Amino acid sequence: KDAPIAANRLLSLLSQVYNFGIRRDVVEVNPCTLVKKPGVERSRDRVLSLEEIKTFWKALDGPWFTGQTAAALRLILVTAQRPGEVVSMRWENIDLKAGWWTIPSERAKNDLAHRVPLNKTAREILSTLLQVSPWVFPSPQENQHIHRNAIAMALRRARARSSDPLTVLDFSPHDLRRSAASHMASAGVERFLIGRLLNHVEPGVTKVYDRHSYDAEKRKAIDKWNRLLASILGTSIVSEVMVIR
């Protein structure tokens with residue numbers, strides 16, 4: 001009743017469980033088949049303005065965010081990658097010196113391995129984090145990374161409890177990724193290249209033959225985004241916050 005979208009997710013999960021049971025001959029029918037989704041879902045198109053991004057970035061230095069959640073949220077915006085992929089980063093997949101982060105296929109949402117160029121800001125953020133675990137964002141629970149819901153909850157708590165201007169902003173962690181893509185497009189980065197940077201699946205037959213990695217082009221795009229961010233946030237855009245484990 002109070003969380004219709006969460007109810008939709010639960011219905012979907014239960015349906016998958018029953019379908020698995022049918023395939024294994026454990027059950028004969030899926031009782032979820034004719035159940036209507038409780039919540040009405042609408043696609044989001046929230047894009048933060050440059051001024052809102054500046055407000056958001058400054059608010060992350062406030063008391064409502066840990067160094068860990070602040071770094072994760074900043075990396076989503078700076079790299080334009082999915083929140084779930086950011087929180088599950090592993091140090092073994094990061095080359096700070098060369099400036100690359102490799103997302104293995106088993107951790108990518110679309111099961112496609114992806115090389116993400118790390119611009120100057122991303123490397124500075126990562127350099128503030130302690131390498132005390134295989135995970136970049138380790139959970140207090142042993143051998144796990146923090147859940148993506150942790151950063152979403154941090155945003156909700158900040159809006160609910162803080163008098164900071166962040167309270168007037170309504171956005172999710174994924175909206176940061178969309179905002180980065182939109183501002184790159186406004187800065188002149190080609191839509192096709194943005195799709196490559198976001199690791200979107202390319203439709204059509206061309207994808208079968210096009211094996212070019214576009215690494216150099218992705219690097220130019222993410223560096224252009226970094227320059228735009230620096231112009232609105234100032235030259236020193238990474239706070240001196242040490243993550244406390």
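This note goes through the predicted model point by point, from confidence to sheet to aromatic rings.

1. **Ground rules.** The model is predicted: local features need pLDDT of at least 70, side-chain atom pairs count only at pLDDT 80 or more, and totals for chains, interfaces and linings use all residues. Residues are numbered from 1 along each chain as its sequence is written, and side-chain values use heavy atoms, with hydrogens and water left out.

2. **Confidence.** pLDDT is the predictor's confidence in each residue, from 0 to 100. The protein chain averages 85, and 86% of the residues score at least 70. Two stretches need care. Residues 205-210 stay under 50, and the model has four contacts for them beyond four places in sequence. Residues 239-245 also stay under 50, with 18 such contacts. Contact means heavy atoms within 4.5 Å. Where pLDDT is low, the predicted coordinates should not be read in detail.

3. **The sheet.** Three strands form an open sheet in the order β1-β2-β3, with antiparallel pairing. β1 (94-95) and β3 (114-117) are at the edges; each has a single partner strand, so one side of each lacks a neighbour in the sheet. Strands here are DSSP runs (E, at least two residues), as are helices (H or I, at least four), numbered from the N terminus. Two strands pair if DSSP finds at least two bridges between them.

4. Two bridges join β1 to β2 (residues 100-103). Isoleucine 94 stands opposite tryptophan 101, and aspartate 95 has tryptophan 100 as its bridge partner. On to the next pair: four bridges join β2 to β3. There, tryptophan 100 stands opposite proline 117.

5. **Tryptophan 100.** What sits over the ring of tryptophan 100, 4.1 Å from its centre? The charged end of arginine 115 does. Arginine 219 also lies over the face of tryptophan 100, at 4.4 Å from the ring centre. The criterion is NZ of Lys or CZ of Arg within 6 Å of the ring centre and within 35 degrees of the ring normal.

6. **Aromatic pairs.** There are two in the structure. Phenylalanine 56 and phenylalanine 171 have ring centres 5.5 Å apart and planes at 90°, so they are edge-to-face. Phenylalanine 56 is in helix α2 (residues 50-59) and phenylalanine 171 in the loop between α6 (148-161) and α7 (173-186), 115 residues apart. Both are buried. Phenylalanine 192 and tyrosine 214 are also edge-to-face, at 5.2 Å centre to centre and 75° between the planes. Rings of Phe, Tyr and Trp (its six-membered ring) pair if their centres lie within 6.5 Å; planes under 30 degrees apart count as stacked, over 60 as edge-to-face and the rest as tilted.

7. **Burial.** Tyrosine 214 counts as buried at 15% relative accessibility. Phenylalanine 192, at 36%, counts as partly exposed. Buried means under 20% relative accessible area, exposed over 50%, partly exposed in between (1.4 Å probe, protein chains only).
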